[in-house]
Amino acid sequence: MFHVVPVIDLRGGGVVHARRGERGRYPPLRSSLCAGNDPVDVVGGLLGLHPFRTVYAADLDAIEGAGDNRAALARLKAAFPETGFWVDGGFRSADSVRGFVASGLGDAVLGSEGLEGLEPLAALKADPAAWTRVILSLDFRDRFVGPPDLLERAELWPDRVIAMTLARVGSGEGPDWTRLAEVGRANPQARLFAAGGVRDGNDLRELAARGSAGALVATALHDGRIDGAALEALAR
């Protein structure tokens, strides 16, 4: 089954609108699905559109080393206990991932841009209880951002892998088909999720047809280009 995973970007306890990975310029989110940018209201609006099983949350403050949004994440988990959360909290070590998983707030996204080497992945792979809770985000701008040999060490990738083209986030330019194909060839067994540039239901259907396990989406949900009917049709 193809999974659409809505994305929220957290800064200072609120949700901001991501555009092209330029994090310092993200404005507060304005959405057709809710009033304001409180995280609980935003996720409530998303779940009112469609019963998403999982929500991706990027803790921008933690990623940038300027605090964190753990309180907001705790509010979200309390408000939506049946919803799974994938959280990019700027994790840089195996211990930080283990600590987050133990908190019960969600699964941990390891972003390649924050990794200085492959040791955290190797250590987590040796810890089955933690390994099943890890998602790897392979981050790209004009080129790959992360340990140079990570792309060649697909045996260290977990089951869930995100191909994140940061320059296309919020751009409406369409998925990075070439990049997705390259990542898919590197590890055909991984469940690959596309992130960045998804415009509409046609893109989602094409991603599903090409074998992606799902897609991370934000802007096209909030501005109505992907509506509840399109999501329901895809789920069927």
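Trainee: Which residue forms a salt bridge with Arg11?

Mentor: Arg11 pairs with Glu64, and their closest N and O atoms are 2.9 Å apart. Keep in mind that this is a predicted model. The general idea goes like this: side chains of opposite charge can pair when their charged atoms come close.

Trainee: Okay, and where do Arg11 and Glu64 lie?

Mentor: Arg11 is in strand E1, while Glu64 is in the loop between helix H2 (60-63) and helix H3 (70-79), so this pair ties together parts that are 53 residues apart in sequence. Arg11 is partly exposed, with a relative accessible area of 23%, and Glu64 is partly exposed too, at 39%.

Trainee: How many salt bridges does the count come to?

Mentor: The count comes to 13. One of them joins Asp38 and Arg75, at 3.0 Å from N to O. Asp38 sits in the loop between strand E2 (14-16) and H1, and Arg75 sits in helix H3, so parts 37 residues apart in sequence get tied together. Another salt bridge links Arg210 with Glu206 at 2.7 Å. Arg210 is exposed, at 52% relative accessible area, whereas Glu206 is partly exposed, at 31%.

Trainee: Now for helices. Which residues of helix H10 are buried?

Mentor: In H10, residues 228-235, the buried ones are Ala230, Leu231 and Leu234. They cover an arc of only 95° around the axis, which means they are on the same side of H10.

Trainee: And what covers the buried residues of H10?

Mentor: The cover includes strand E1 (3-11), helix H1 (39-49), helix H8 (201-209) and helix H9 (219-222).

How values were computed:
Residues are numbered from 1 along each chain as its sequence is written. This is a predicted model: local features need pLDDT of at least 70, side-chain atom pairs count only at pLDDT 80 or more; totals for chains, interfaces and linings use all residues. Side-chain values use heavy atoms; hydrogens and water are left out. Buried means under 20% relative accessible area, exposed over 50%, partly exposed in between (1.4 Å probe, protein chains only). Helices (H or I, at least four residues) and strands (E, at least two) are DSSP runs, numbered from the N terminus. The arc is that of the directions from the helix axis to the C-beta atoms. Contact means heavy atoms within 4.5 Å. A salt bridge is a side-chain nitrogen of Lys or Arg within 4 Å of a carboxyl oxygen of Asp or Glu.
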